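Biologist: I would like to learn how to read the features of a structure that is new to me. May we take them one at a time?

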Amino acid sequence: VNAGQTLTQTIDMKAGWNAVYLELGPSDADPDTVFAETPVTQVITYFPKNSPAQFIQDISEVEWDKHGWSRWVPPNRPEAKLKNLFALQANQPYLIYCDSDYSWQVTGPPVFRKQQWEPDGFTLLGFHVDENTPPTFSQYFEGSGAHSGAHIYYLHGDRWLRVSDSSGMNIGPGKAYWVWSD
């Protein structure tokens, strides 16, 4: 419906770690530019390269140099020379650390990409859902045998918590989740 249009996605982030899902193709994809003069101090994402993502429980204890993980830090930090995330992409989940609450606005064209599920494993992803009436996880996965009784985790502070009632929790637009697929 919105092909050829430019839209703005607003993602409200809290101080600390945030699991976000970028739905738009950013007009400016360079993280050095996008996060200049913001409270964002770290951006991490997973690009599957024929290896399953390793589910992480506690963000503060992960070694981010593992295969498939990419990281950005501000250019003025000493570890910036080791960064390997050079462009933000649509339909990509990101783990973003903010020093303070921040409302991130991304402008660009909407992009839809079919989700590639990791069979018998966890996939880090987000969902294109209506922000005014998002479905519950049960509604979204209704009819999907691979996701019946799915294990779904959302980020709360620095820890991933399991969704205990998939029929009582709505999918958050602009949020990223770990989801198990059979």
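Modeller: The following dialogue treats sheet, cores and aromatic pairs in turn. Please keep in mind throughout that this is a predicted model.

Biologist: Let us begin with the sheet. In what order do the strands of the open sheet lie?

Modeller: In general, strands of a sheet pair through backbone hydrogen bonds, either parallel or antiparallel. Here, an open sheet of 4 strands runs in the order β2-β5-β3-β4, and the pairing is antiparallel. At the edges are β2 and β4 (69-72), each of which pairs on one side only. On average, neighbouring strands of this sheet are turned by 25 degrees against each other, direction ignored.

Biologist: Over how many bridges do β2 and β5 pair?

Modeller: β2 and β5 are joined over 7 bridges in the antiparallel sense. Within this pairing, A19 stands opposite L95 of β5. β5 also pairs with β3, again in the antiparallel sense, over 4 bridges. There, V43 has I96 in β5 as its bridge partner.

Biologist: Let us turn to the cores. Which residues of the largest nonpolar core touch the most other members?

Modeller: This core holds 16 residues, and those that touch the most other members are M13, F35, V40, V43, Y94, I96 and W104. Two or more residues come from each of β1 (7-13), β2 (16-22), β3 (40-46), β5 (92-98) and β6 (102-108). The strand that gives the most is β5, with 3 residues.

Biologist: Which residues does M13 touch, leaving aside those up to four places away in sequence?

Modeller: M13 touches N18, V20, V40, I96, C98, D101, Y102 and W104. A second, separate core has 13 residues, including I44, Y46, L95 and Y153.

Biologist: Where does Y153 lie, and why does Y153 count as buried?

Modeller: Y153 is in strand β8, which spans residues 152-156. Its relative accessibility is 15%, and it therefore counts as buried. In sequence Y153 and F122 are 31 residues apart, while their C-alpha atoms are 9.7 Å apart in space.

Biologist: Our last topic is the aromatic residues. How many aromatic pairs are found in the whole structure?

Modeller: A search of the whole structure gives 16 aromatic pairs. One of them joins W117 and F141 edge-to-face, at 6.1 Å centre to centre and with 65 degrees between the planes. W117 belongs to the loop between β6 and β7 (121-126) and F141 to helix α2 (residues 137-141), so this pair ties together parts that are 24 residues apart in sequence.

Biologist: Are W117 and F141 buried or exposed?

Modeller: W117 is partly exposed, at a relative accessible area of 28%. F141, by contrast, counts as buried at 9% relative accessibility. Another edge-to-face aromatic pair consists of F122 and W178, with 6.4 Å centre to centre and 85 degrees between the planes. Because F122 lies in strand β7 and W178 in strand β10 (residues 176-181), the pair ties together parts that are 56 residues apart in sequence. Both F122 and W178 are buried.

Biologist: Which residues form one aromatic cluster?

Modeller: The cluster is formed by Y46, W69, F122, Y153, W160, W178 and W180.

Terms used: Residues numbered from 1 in each chain as written. Predicted model: local features only at pLDDT ≥ 70, side-chain atom pairs only at ≥ 80, totals over all residues. Heavy atoms only, no water. Core = buried A, V, L, I, M, F, W, Y, C linked by side-chain atoms within 4.5 Å. Buried < 20%, exposed > 50% of the residue type's maximum accessible area, 1.4 Å probe, protein only. Contact = heavy atoms within 4.5 Å. Pairing = 2+ DSSP bridges. Axes fitted to C-alpha atoms, helices over the stretch in contact; angles between N-to-C directions. Phe/Tyr/Trp six-rings, centres within 6.5 Å; stacked < 30°, edge-to-face > 60°.
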